[in-house]
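Here's a quick briefing for anyone opening this one up for the first time.

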Amino acid sequence: MCRMCALISDESVLLADILLRPRMSLVHQSYAARERRALPQGVSPSMAYQQPCLNADGFGVGWYAQQAPLPCVFTSLKPAWNDPNLRNLSEEVRSPLIFAHIRAAGPFSSVNEAACHPFKAGRFLFAHNGLVGNFAHIRRPLLASLNEYAFGITLEHACIDSVVAFGIFLTELGVTSDEDAMDERTADSLCTALSRTVLRLTQAAAEHGPEESLLNLMVTDGQRIVACRYGTAPATDSGDPQDAAKASVAESQEVTSNEIEPPPVHQDVWMSITAASESGDVNCLVTLSENVFAAGSMDGSLRFFHAEQGQALAVRRHSQASGPVLALLFLPRTGDMLHSPASGKMSPRGDESPDSIASPAESTPRSQTGHLQPIGRARTDELPSRLSERLSKPLFLPKADLRSPCGMDLLLSTSTNELRIWDVSALLQDLSDDEVSVPCLLCFHFAPNQGHLLSIAGNLENVLLGFQSSNVFCLHLMNGWARLLQAKTRTRTTRHYTFNVELSKRSSAMSAAAAKFSHHTLLEPLQTCANGHMGFVHCIACEPVSGVIASGGGDGRIIFWSQRQAVCVFNHGGPVLAVAACADSRAFFSGDAYGRIRVWDAASVQHGSKAVLCSGGVGCAAILTLALLQKTGVCEGPPLVIAGDAAGILRVWDSEHCSLLREVSTEMTCCAAATALGMRTASQNHFSLRVVSGCSSGGVKLAYLDLVSSAKILLSPSRRICGMFCQSQDCGHEDVVEFQRLVSLLGEFVALQTVSSDSRNDGEMRKASSWLATKFEELLGATVRISPGGVVARCGWDSNKPLVIMYSHYDVVAAGKCWNTDPWKMVAKDGYFYGRGVSDNKGPMLAQIFAVRRLLQGEADFCLSGFDTETFQENHCPVNVLFIVDAAEESGDPTQTIRMVQDARNDGWLRGDTIGLIINNSQWIDDERPCLCYGMRGVVDFEVAVQGGERDLHSGVNGGLVPEPIFDLVALLGSLVDASGVPTVAGLCDGVPQVEDKDMQNLTAASQQMSVGKISKRLGLQSDSAGPAWLHSLQNPGLEALKRTWLQPCLSITEVGRGPRHQHGRHIANRASCVVSVRTPGQKSADVVSCMKLHLKHEFAKRRTCNKLEINTLAVSEAWQTHPTSKVFCAARAAVAEAWKMEESDVLAVREGGTIAILPLLEAELGCDAVQMAFSQASDAVHLPNERMSRAVLARAVDAIAGTLTRLAAG
């Protein structure tokens, strides 16, 4: 049997990555197919899968160039594994849509290049895997049924069964010419044509007796892929064709090591219940029984559907004002099973409960082709007889006594500042006329106006309400039910009440034993904390076991409530649009506008999000709805969480194991609402799920989805030797999988050109922040916030654990020239990684993440795509960790970063006992000895400029007539230092701190191995004899070098402005400027500015020039110094010693001559001690061309950081 695959992607993909390189690629399957249906005549069906087989009767590949409607096709009769043209082509061609096929010719099929798939007609490509039963008998009548254009296509391709199927498809699609073949079609039209193709082929084959047909077909028009898997066998009934539009990857053989059992086939059927034009946008869906559900729309209508009927049973108007139906809540009668599991017995609702969910073939009305068509409203006399008989009985039994709500089926609906309560039996009592007016039991209004009542949840005891006004209320419906219905009403049916919100807030403190009943006492506001909702409350849910409530708002906050008090607030990372609570797994699921879905443990919500189902990000489709199917009489499989997004994609997860079971497209503009009707067992680990979805255009669809579930989906490697990283893959103790993942992510990170000083890279900066947020969530399950200053992520919210803060930055300096490799493409060479930012600071930052990741998983396997729930709940990390990732460290402006930290503090992200700040942004003093930094110099940058006349002058005409600005500037610069580089500015060394004993001890230890040769090499001197005089005159040049860089001020000219360079002539620039950087080991910055300006003005006045001097202070950063005996410093020193297998005393405690402007400000803001754990060697060329980082250092950095966190927790 043939093999075929198709891929559609947002980005262009190299053909070789699909056709050649995967372990089970098409080329591999062409000579070693392990699962192959044996079809030659005379072969017993019991020999269905043979080992191994060839597919060597030709191959073909089609692809579409970017934005090109016509596909390119390459076919050949050579075996795919031995065609050099295929390999050469695959290594060069990229395409967002790839369509490939390898052929094994079946009976009555010729072997020639014209018969090689895929077949092309205009913009369409078509491929087939299998055969058409009785094709020798039905070929002529099928050819005769084709239109002229399709008949010509079949003649071009030898009239084999596959191309005849293509011809039928073109005929059904109405393609009659090349012009028609260029027209774009909708996905529905392609699905219709494909399903009718299958029907015609199977009907024609059935007329000549039972013979097996295998119709695995796929077709594309360059915009979408539609595929079906369909088969008939003599011993079994034929099923229904299925389609999967917009499939990400569809292959005829699953990549599996199973050599006997065939890959599972998803038996999906979609049913369009109502046309989009019939009503307004669908806002909400709710399940009423196993077969009945309701939809609320923007036009104010409540529509009720029966799944087996496939059409709207009734339409009820929500109110005379026709306000939109925003949310629905169904409260079944107390003690009554929502879905009766008894077979063939009447449930209390009056509907007959079947043994299992009826299959689509027997329960869903459809046309003869099997295509699911949009249907309008239906009358009872139009229904099938079996369903008409069922609907002649009441779907929900009425309750004669209205004094208690416990024996009633209630439907609560919300609208603009309005809550209505309905008796479901009254709503569905009369199905003969869907325009009948059915009043509700109660209608509540709120004053002052609270805006849209956007969300509702709870039970009869406590109905939770979330408003547009950002308020959250609890309505104690049970307490006042009888009193509410006793009130007189002019309409004799609906009783209207208006809650005074302010009075309700005061009455909540009243005595419950008040003599006179007041309905205001039934409404209780939930008490918000200082950081309550500041936007619309879009969603709300209650976990019944723990009683915890979760509410999500448009402000991006999710708030958890207990005893009607807000207990914790988290920033979700985007507006929270959906939330659901699962009693089976005792978890909350929340989705936001950036496609992110978080999982929260209801028993420990204060610890933060425990996992991320979907990481999302900027540009991802918003999660609009979350629905749950829990273990009840209608759910025979695992509990499920179902998510619908703004792109019309429906995803189904196992809520216990957080494993993705299915992802399908609804073919709707968006999936605004979803609800599950039930799930039955089809076979072992196979289940049939019925789910309903609604879109913003008013359409409602019912889907029968086949799910394959296992006890647990393993995403981690099968074993883990130990937790240590190492520089050699054959050392016997490296966790190779994790380190390779780290390296792979570092390559992706380096490719983002995050130069913060260049506004042209703003897009790359935003992409990097989104990438980082995604990785924090995927790797750590962290709660993440993106702000203009960078990214903040918190992992762990346990109040019993201390908080450690890690600072890093993801911006880099410009790459410049003189690189030996592409600076934005990481290269591994001679044990080093080369690329801009690998050492400063992207590599060390990823080491921070992977260190925390190791501690979170403890001794368990590392999970390669997010955490599995059970492992994560153990939370082996001994501390809470807050990551502060700066977006502008290299540009020297800490303002936004400090504001980002202050906002995080105000929102509760810094709560807990902060015991240390860890920074990994400094260098070693050589390439051999690890260092910890406890001090850095400050810096003051000046722009010094000399301004001459109004314009540039010609050097030949005017040279010697005026004093040139460049000479004045050079004279000023020459007065700043002497020949050995020592500053000569009066007063600059005043205020330098005294050298302490600890500094001298650290200086002496660090300078022991600093020879003249090493210093010369570090300075880039050509020979040991070159360099300044002090380098050769002193007995210990290393000590002098460290004194000059650690403890003394210095001046450097970091930039010199030049006049314009003209193509013709030599000009005198009318302005000369430069930037002078003064490194300060501890003086006050104001004193440095004062003495520098005084010196420059004095020296400039001595020249008696007519030019003008300008001095501007560009930047000021204070020096930073911490305590080398602090808890965090000692913990880091011990951890580094263990990682490098050395004595703790051999880990150098150093100061550094560089500056990080944010450090003193950050340490003061956080109020804790800090340590600089250096992971850059002296030769790593930080900020220079050919920046690099050692593989060994990167690996051990993870060990060192993890060890530091462990020691900090231990005290």
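**A quick tour**

Let's start with a sheet: four strands form an open sheet in the order β25-β26-β27-β28, and their pairing is antiparallel. At its edges stand β25 (537-542) and β28 (565-571), each with a single partner strand, so one side of each has no neighbour in the sheet. On average, neighbouring strands here are turned by 20 degrees against each other, direction ignored. Keep in mind that this is a predicted model.

**Inside the sheet**
- Strand β26 (residues 549-553) pairs with strand β27 (residues 557-562) through four bridges, in the antiparallel sense.
- Across from Ser551 you'll find Ile559 in β27.

- Along residues 569-601 the chain is 64% strand and 0% helix, with its end C-alpha atoms 14 Å apart.

**A patch on the surface**
- Ile966, Phe967 and Val970 make a nonpolar surface patch of about 280 Å².
- Val970 belongs to helix α20 (residues 965-974).

**An exposed lysine**
- Lys1084 sits in the loop between β52 (1071-1080) and α25 (1085-1102).
- Lys1084 counts as exposed because its relative accessibility is 62%, and the cut-off is over 50%.
- Its C-alpha atom is 8.9 Å from that of Val992, though Lys1084 and Val992 are 92 residues apart along the chain.

**Helix α27 and what follows**
- In helix α27 (residues 1158-1166), the buried residues are Ile1158, Leu1159, Pro1160, Leu1162, Glu1163 and Leu1166.

Methods. Residues numbered from 1 in each chain as written. Predicted model: local features only at pLDDT ≥ 70, side-chain atom pairs only at ≥ 80, totals over all residues. Heavy atoms only, no water. Helix = DSSP H or I, 4+ residues; strand = E, 2+ residues; numbered from the N terminus. Buried < 20%, exposed > 50% of the residue type's maximum accessible area, 1.4 Å probe, protein only. Patch = residues over 30% accessible without salt bridge, like charges linked within 9 Å, V, L, I, M, F, W, Y side chains within 5 Å. Areas by Shrake-Rupley, 256 points an atom, 1.4 Å probe, with all protein chains shown as cover. Salt bridge = Lys/Arg side-chain N within 4 Å of Asp/Glu carboxyl O. Pairing = 2+ DSSP bridges. Axes fitted to C-alpha atoms, helices over the stretch in contact; angles between N-to-C directions.
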